[in-house]
Amino acid sequence: MTTSGTTSFNLDVTDLIEEAFERCGKELRTGYDLRTARRSMNLLTIEWANRGIALWLIEEGNIPVYPGTAVYDLPADTIDLLDQVIRTGSGQNQTDININRISESTYATIPNKNATGRPIQVWINRRSAATYPVTGVAYPQINIWPVPDQGSITTPYYYFVYWRLRRIQDAGNGTTTQDIPYLFLPAMVAGLAYYLALKLPDVDPQRRMELKADYEQQFQLAADENREKANARFVPRILSY
C-alpha cells in the first residue's frame with residue numbers, strides 16, 4: 001500500500017466547530033450555533049495567552065527612536081516583550097546593546113526623565129489597546145531612558161529592536177483556518193468542546209468533566225512540544241557584602 005504523499009491536513013473554523021459540537025454529543029445546526037462557537041473560540045485563544053509563551057507568536061520588530069522623545073507606541077496586538085536591545089549602525093557595523101527592562105516604580109523614581117544619552121533602560125507600559133472616544137487607541141508603549149542624544153527624525157541613530165509576543169488572530173468567517181500550528185489542533189478542538197459543553201443545554205455533567213480532562217491533557221501535550229529546545233547556560237553570580 002502507498003501513502004498519500006501529502007502533509008497538508010488542517011481544519012478550517014467550521015470544521016473545528018463541527019468536531020467540537022460532535023464531542024459534546026450535539027450537531028452544528030444554526031447560524032447562532034456558529035456565532036456562539038466562534039465567540040468561545042476567541043475566548044479560548046485569550047486563555048492560551050494567559051497560559052504562557054507560544055513560540056509561533058514571537059515576532060521581531062524595531063522602532064527608530066529620536067532625540068527629545070521618550071515614549072513610543074507598540075503594535076496594538078502586542079501581549080508583551082520578551083527581549084529588547086538598542087541597535088546602532090547596520091551591516092558589518094551593526095551593534096546591539098542590551099537595554100534593561102525596569103518596573104513602573106523604578107521608572108517613576110528616575111529624577112530627570114529628560115536626561116539624554118544612549119538609552120539603557122525601558123519601562124514597558126502594557127496598556128489595553130482599547131479604543132476610547134476622545135483619546136483614541138491605548139497602544140502598549142515603551143518609555144526609554146535616557147532620551148536619545150543622537151540622530152534626527154530623518155536619520156535616526158538608535159533603533160529599539162524587540163522580540164514581542166503577539167495575540168492569536170481572531171476566528172474568521174468559517175472558511176479560514178486558525179492562527180495556530182497543526183500540533184495544536186487537538187487542543188483547540190478539545191478546548192472548544194469543553195467551552196461549548198459549559199453553555200449547551202442537556203450536556204451530561206460527566207461528559208463535561210471528561211471534556212475538561214481531555215482538554216487539559218491535549219493542551220499539555222502540545223505545550224510540552226512547544227518549548228525552546230536550545231541548550232540553557234547558567235552562570236553563577238557571586239555577591240559580595
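Phenylalanine 9 came up at 62% relative accessibility, so I noted it as exposed (buried is under 20% relative accessible area, exposed over 50%, partly exposed in between; 1.4 Å probe, protein chains only). I found phenylalanine 9 in the segment before α1. Its C-alpha atom is separated by 8.1 Å from that of tyrosine 182, 173 residues apart along the chain.

A note on the source: this is a predicted model, where local features need pLDDT of at least 70, side-chain atom pairs count only at pLDDT 80 or more, and totals for chains, interfaces and linings use all residues. Residues are numbered from 1 along each chain as its sequence is written, and side-chain values use heavy atoms, with hydrogens and water left out.

Next I checked the helix pair. Helix α1 covers residues 13-23 and helix α4 residues 185-197; they pack at an angle of about 55°, with axes 8 Å apart. The two are therefore oblique to each other (under 35 degrees is roughly parallel, over 145 roughly antiparallel, 65 to 115 roughly perpendicular, the rest oblique). On the α1 side, Leu16, Ile17, Glu19, Ala20, Phe21 and Arg23 make the contact (heavy atoms within 4.5 Å). On the α4 side I listed Leu185, Met188, Val189, Ala190, Leu192, Ala193 and Leu196.

Last, I turned to glutamate 60. It sits in strand β1, residues 58-65. At 52% relative accessibility, glutamate 60 counts as exposed. Leaving aside neighbours within four places in sequence, I found glutamate 60 in contact with Arg87, Val161, Tyr162 and Trp163. Aspartate 83 is 23 residues from glutamate 60 in sequence and 9.5 Å away in space, C-alpha to C-alpha.

How values were computed
Axes fitted to C-alpha atoms, helices over the stretch in contact; angles between N-to-C directions. Helix = DSSP H or I, 4+ residues; strand = E, 2+ residues; numbered from the N terminus.
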